[in-house]
Amino acid sequence: MLEPDELLLDPTGELLVFRSENQGCAGWGVALADLSREDPPVALFGDRLPGSSRLDYLDRFSLACVETVLSEAASASGIEGRTCQATPEVVACLEEEFAQVALSPYPAWFDPMGPPVRWFSAAGLLLCLEPGLEGLGLAVIGRTAADVQRAVEAIPGSWPPTGPSATKTVDDREWVLPF
């Protein structure tokens, strides 16, 4: 997210940019014509789109803020998590066993022409279905290692071995994020 004094216009001069990928290859903005709307739609632009085009991202700025929190939490260092390729069996399990987060599917900034990003949840878990190296990938983020293990056991994926973790749990109710 950009600080108020960092806000800028996209290369076309039509979007007020409020979020930028850390290397500047993608950005999120609101059309100048929509700035007076209460909760305007958000567009995505970036290097991986054809020409100087942009894509509809989410239909409300407030949802784009929620998506930012989810994405940043999922990519934060020290968070308990595992990933696997999302086969049709994995996707079916997600759709049957987990609650879909009330966020419309949206394009991934790193593969905007690929399959859309979708989020699911359960107690202590966030699950992100997004474009991966070989089709769809699934990222499972948990409050604790036990929460992640519970998801790994429930989802029929090919899970790589676990690595060390830096997340610390204060008690059963509180999740301490490392940022």
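Mentor: Let's start with a definition: a disulfide is a pair of cysteine sulfur atoms within 2.5 Å. The model is predicted, so local features need pLDDT of at least 70 and side-chain atom pairs count only at pLDDT 80 or more, while totals for chains, interfaces and linings use all residues. Residues are numbered from 1 along each chain as its sequence is written, and side-chain values use heavy atoms, with hydrogens and water left out.

Trainee: How many disulfides does that rule give?

Mentor: Take cysteine 84, whose closest cysteine sulfur, in cysteine 93, is 9.8 Å away and so too far for a bond. Cysteine 93 is likewise in no disulfide. By the rule, the count of disulfides is zero.

Trainee: Is cysteine 93 buried or exposed?

Mentor: Buried means under 20% relative accessible area, exposed over 50%, and partly exposed in between, using a 1.4 Å probe and protein chains only. Cysteine 84 is buried at 8%. With a relative accessible area of 10%, cysteine 93 counts as buried.

Trainee: Which strands stand at the edges of the open sheet of five strands?

Mentor: Strands are DSSP runs of E, at least two residues long, and helices are runs of H or I, at least four, both numbered from the N terminus. Two strands pair if DSSP finds at least two bridges between them. The order is S6-S10-S9-S8-S7, with antiparallel pairing. Each edge strand has a single partner, so one side of it is left without a neighbour in the sheet; these strands are S6 (80–85) and S7 (99–100).

Trainee: How many bridges join S9 to S10?

Mentor: S9 covers residues 125–132 and S10 covers residues 135–142, and the two run antiparallel. The number of bridges joining S9 and S10 is eight.

Trainee: At about what angle does helix H2 run to S8?

Mentor: Helix H2 (residues 88–97) lies across S6, S7, S8 (118–122), S9 and S10. Axes are lines fitted to C-alpha atoms, for helices over the stretch in contact (heavy atoms within 4.5 Å). Angles run from 0 to 180 degrees between N-to-C directions. For H2 and S8 the angle is about 55 degrees.

Trainee: Which residues does glutamate 21 touch, not counting those up to four places away in sequence?

Mentor: Glutamate 21 sits in the loop between S2 (15–20) and S3 (26–31), and is buried, with a relative accessible area of 10%. A polar atom of its side chain lies 3.4 Å from the backbone nitrogen of cysteine 25. Leaving out residues up to four places away, glutamate 21 touches Ala26, Trp28 and Trp109.

Technical notes. A polar contact is a pair of N or O atoms within 3.5 Å; within protein, one must be able to donate a hydrogen and the other to accept it, and residues adjacent in sequence count only if both atoms are side-chain atoms.
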